[in-house]
Structure formats: structure tokens, C-alpha cells
Amino acid sequence: MSDAPWTIERISDALGDPDLAQRFLGEINRAPAHELLSTFARWERIAKNTLATVQRARELVEHDARGEESPGEWVDATDRIRREAEQIRGRGAA
């Protein structure tokens, strides 16, 4: 990742999705002066997380392409997700 300072343009580019970038620009343009810094900081954090996630995904793809097992500790959450989905369906959602 670059050490360049975060700017509105850099955040927009880092988000990687035109709709998300448009949402950011809308929020930053409508933010009252006293909320401008916190709005910028929140979107900067989102952009940094997005870049880190993309980098991690690329690393996993490289491992997979080499036929290697993905690095890191992987927890199978299938059962927990199924239980949560059943609870949600039981409340009439989805």
C-alpha cells in the first residue's frame, strides 16, 4: 500500500466500486463542517479495509494457484451460520 496521504480522490479510487465511491462523495459533500473530519476518517478506514481485503484475497488466490493450502487459521462456521439463518427465517424474515 502507498504511503501517499489520503485524499478524497484516493479514497474514491480505493473503494473500487463506482456506486460506493458515489455514496462516499455524496456523504462528504453533504457533511456539515463539524462532521467533515469524522466523515472523512470513517471513509478512510473503509478504504483502507477494502485495500487490505483485496490484498489478502490476491494472496489467497496465489496460494490456490500454486496448489497450496491457504495460510492462516480457518474456522468452519457453517453450523453457526445455518442456525442464525434458521432463527432469522423463524422470525419471518427472508
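Crossing hands first: I call a crossing left-handed if the near helix is turned anticlockwise from the far one by less than a right angle, and right-handed if clockwise.

**Entry 1: ground rules.** I am working from a predicted model, in which local features need pLDDT of at least 70, side-chain atom pairs count only at pLDDT 80 or more, and totals for chains, interfaces and linings use all residues. Residues are numbered from 1 along each chain as its sequence is written, and side-chain values use heavy atoms, with hydrogens and water left out. I take helices as DSSP runs (H or I, at least four residues), numbered from the N terminus.

**Entry 2: H1 against H3.** I looked up how helix H1 (residues 8–15) meets helix H3 (residues 36–65). Their axes come within 9 Å and cross at roughly 40 degrees. Axes here are lines fitted to C-alpha atoms over the stretch in contact, and angles run from 0 to 180 degrees between N-to-C directions. The angle makes H1 oblique to H3; angles under 35 degrees count as roughly parallel, over 145 as roughly antiparallel, 65 to 115 as roughly perpendicular and the rest as oblique. I noted the crossing of H1 and H3 as left-handed. For contact I use heavy atoms within 4.5 Å. On the H1 side the contact is made by Ile-8, Ile-11, Ala-14 and Leu-15, and on the H3 side by Phe-40, Trp-43, Glu-44, Ile-46, Ala-47, Thr-50 and Leu-51. I sorted the residues of this contact into nine nonpolar, one polar and one charged. Ala, Val, Leu, Ile, Met, Phe, Trp, Tyr, Cys and Pro count as nonpolar, Asp, Glu, Lys and Arg as charged, and the others, Gly among them, as polar.

**Entry 3: H1 against H2.** The axes of H1 and H2 come within 8 Å and cross at roughly 150 degrees. That makes H1 roughly antiparallel to H2. H1 passes H2 in a right-handed crossing. I listed Ile-8, Ile-11, Ser-12 and Leu-15 of H1 as meeting Leu-20, Ala-21, Phe-24, Leu-25 and Ile-28 of H2. By class this contact has eight nonpolar, one polar and no charged residues.

**Entry 4: H2 against H3.** H2 and H3 pack at about 165 degrees, with their axes 10 Å apart. That makes H2 roughly antiparallel to H3, and their crossing is left-handed. From H2, Leu-20, Arg-23, Phe-24, Glu-27 and Ile-28 meet Leu-36, Thr-39, Phe-40, Arg-42 and Trp-43 of H3. I counted six nonpolar, one polar and three charged residues in the contact of H2 with H3.

**Entry 5: burial.** Buried means under 20% relative accessible area, exposed over 50%, and partly exposed in between (1.4 Å probe, protein chains only). In H1 I found Arg-10, Ile-11, Ser-12, Ala-14 and Leu-15 buried, and the buried residues of H1 pack against H2 and H3. In H2 the buried residues are Ala-21, Phe-24, Gly-26, Glu-27 and Ile-28; they pack against H1 and H3.

**Entry 6: two single residues.** Leu-25 is found in H2 and is partly exposed, with a relative accessible area of 26%. Leaving aside neighbours within four places in sequence, Leu-25 is in contact with Ile-8 and Ser-12. Thr-39 lies in H3 and is buried, with a relative accessible area of 8%. Not counting residues up to four places away in sequence, Thr-39 touches Glu-27, Ile-28 and Ala-31.

**Entry 7: after H1.** I checked the residue just after H1: Gly-16 takes a positive phi of about 75 degrees.

Terms used:
Helix = DSSP H or I, 4+ residues; strand = E, 2+ residues; numbered from the N terminus.
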